[in-house]
Amino acid sequence: MSLCHERPDHPEEACAVFGIYAPGEDAARLTYFGLHALQHRGQESAGIAAGDGKSVMVTKDRGLVTQVFSESMLASLEGHVAIGHTRYSTSGGSSSWDAAQPHLSAIDETIIALAHNGTLVNTNRLRTRLLDLGVSFRSSTDSEVAAKLIGHFTQKTNHMREGIRKTMELIEGAYAIVLITPDALYAFRDPNGIRPLCIGALPDNKGWVIASETCGLDIVGADFVRDVEPGEVIRVNADGLVSEQAVPRRSHALCLFEYVYFARPDSRLDGVNVYEARDRMGRALSREAPVEADIVMGVPDSGVPSAIGYARTSGIPYAEGVVKNRYVGRTFIQPTQALRQRGIRLKLNPLPSVIAGKRVVVVDDSLVRGNTSKQLVQMLRDAGATEVHLRIVSPPIVWPCFYGIDTDTQKQLIAATKTIDEIVAYVGADSLAYLSLEGLLACCPAKTPGFCAACFNGEYPVRLAEQQQLGSFCASLEPRFWPEEHAGMTPLFDLM
Ligand code: AMP
């Protein structure tokens, strides 16, 4: 049976969110700093919304944080409560201005700005229903559906927390959301806790901060307090911070790929420092897949801590074999076709003096389509490497991700279509080995047991009901792999 004919509405986003409530402080400026620390989670667009007690102002655009905000723009965002967002949109996602966040939404008297990290998997039907009710949309993003639902329910119940709770009961998927009204900050996380979200406190009781990662707290001098719990809603206003378990927690399913790739090494996720986790991954892989070589190098940035771990445990010296250009981001200024063809050379340049004549172990965090490795191996050979051994500190990615990784069909995933020997031949390496899933899990001893490892093992924590009708996503997924208790379910909702 053919299941799908069109893509879902821009489902593949892994972004960063930041929120702050700090009377007497320049909330927008602190948000600007927070977004700098979280820039690695999304380089396509950036935005800040600020509330001054009376209204909410939003500034957003395509590009990096530094490209979007000028001093005068920041100065115009006045107020003591603010949120910010950096957006990572993948090949299927829209790069329009309207898709940039925060989304400003006004339904009658309810003015909110919302920023979302994650992917909702059932918004098509909810959107249609809202359209039927006369609600208009500026973009086709899942995040705007969430914003409009909250506005809708808040209007009906006259209560923002009730509006959020009802919305959480309806939306499915991965979400770490921050939201402001003119005088309050809200933050909430999906019942599986797929994307990270943490709470920090500014010194001297100056206010509260919410961030996707703890590095976003550090940059504004906030002390980590705790993670937002799955299914929990936090509200901060003049009465202080209150918390409510709005919807029941489900099995904990923090994305394991956060430790592998997404998060910054100086962040802590569920009590585990990402740098240390990556170091352990490298050590574990050197035990699982040793090889005789002269140097170990990492693919910057995410492969480097693991390469150092691999080198320490194997006794093979660590060396920097490539230099990364840190100023090439994904921006709205597209490189020319000729430059694009230079591919990896736009970002990485080899150090022949380090590489020439050496047997090189190359440690990278993941192999997705295989493009990076193929080009990198060629580059290292051109620079004189005599052998190139690829070591990947995650298991083969064989399942599409519905909650953040830029992969929507299995066909795109090299490990789903080729054997190890075929991949070795394709990328031109001398050998290839992956870290086992058991090995990876042992490196990430989070406080709360349970991860989403769907990209590695096909066990999706959130029902895929809507994917049964939508998108090339599910065209590649055999029904036998849909979680049994959810197969065939359709979300029940009543917006009236
Ligand atoms: P590929 O070239 O498709 O095999 O991609 C693997 C490389 O992309 C690795 O070096 C990763 O660090 C990086 N990577 C992994 N996941 C993502 C993602 N979701 N978005 C962008 N880059 C990624």
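Author: A cavity here is a set of grid points where a 1.4 Å probe fits but cannot get out, and its volume is the space filled by probe spheres set on the points. The model is a predicted one.

Reader: What volume does the largest cavity have?

Author: Rolling a probe the size of a water molecule over the atoms shows where empty space is left. With a threshold of 30 Å³ or more, the search of the whole structure returns 1 cavity. The volume of the largest cavity is about 60 Å³.

Reader: How many charged residues are in the lining of the largest cavity?

Author: The lining consists of 11 residues, and those nearest the centre are C255, C401, Y403, C452 and C455. Cys and Tyr both count as nonpolar. By class the lining has 10 nonpolar residues and no polar ones, and the number of charged residues is 1.

Reader: Which class of aromatic pair do F257 and F262 form?

Author: The structure holds 8 aromatic pairs. For F257 and F262 the centres are 5.6 Å apart, with 80° between the planes. Planes over 60 degrees apart count as edge-to-face, so the pair of F257 and F262 is edge-to-face.

Reader: How many residues apart in sequence are the parts that the pair of Y259 and F451 ties together?

Author: Y259 and F451 pair edge-to-face, at 5.8 Å centre to centre and 85° between the planes. Both Y259 and F451 are buried. Because Y259 belongs to helix α8 (residues 257-262) and F451 to strand β23 (residues 451-452), the pair ties together parts whose separation in sequence is 192 residues.

Reader: Is E258 buried or exposed?

Author: E258 is placed in helix α8. Beyond its neighbours within four places in sequence, E258 has contacts with R41, R195, P196, A263, L269 and R278. Its relative accessibility is 0%, and the cut-off is under 20%, so E258 counts as buried.

Reader: At what distance from the ring centre does K374 lie over the face of Y426?

Author: Another lysine, K60, has its charged end over the ring of W97, 4.7 Å from the centre of that ring. K374 lies over the face of Y426, and its distance from the ring centre is 4.4 Å.

Notes. Residues numbered from 1 in each chain as written. Predicted model: local features only at pLDDT ≥ 70, side-chain atom pairs only at ≥ 80, totals over all residues. Heavy atoms only, no water. Phe/Tyr/Trp six-rings, centres within 6.5 Å; stacked < 30°, edge-to-face > 60°. Helix = DSSP H or I, 4+ residues; strand = E, 2+ residues; numbered from the N terminus. Buried < 20%, exposed > 50% of the residue type's maximum accessible area, 1.4 Å probe, protein only. Lys NZ or Arg CZ within 6 Å of the ring centre and 35° of its normal. Contact = heavy atoms within 4.5 Å. 1 Å grid on protein atoms, 1.4 Å probe; cavity = no way out; pocket = protein on both sides within 12 Å on 5 of 7 lines; lining within 4 Å.
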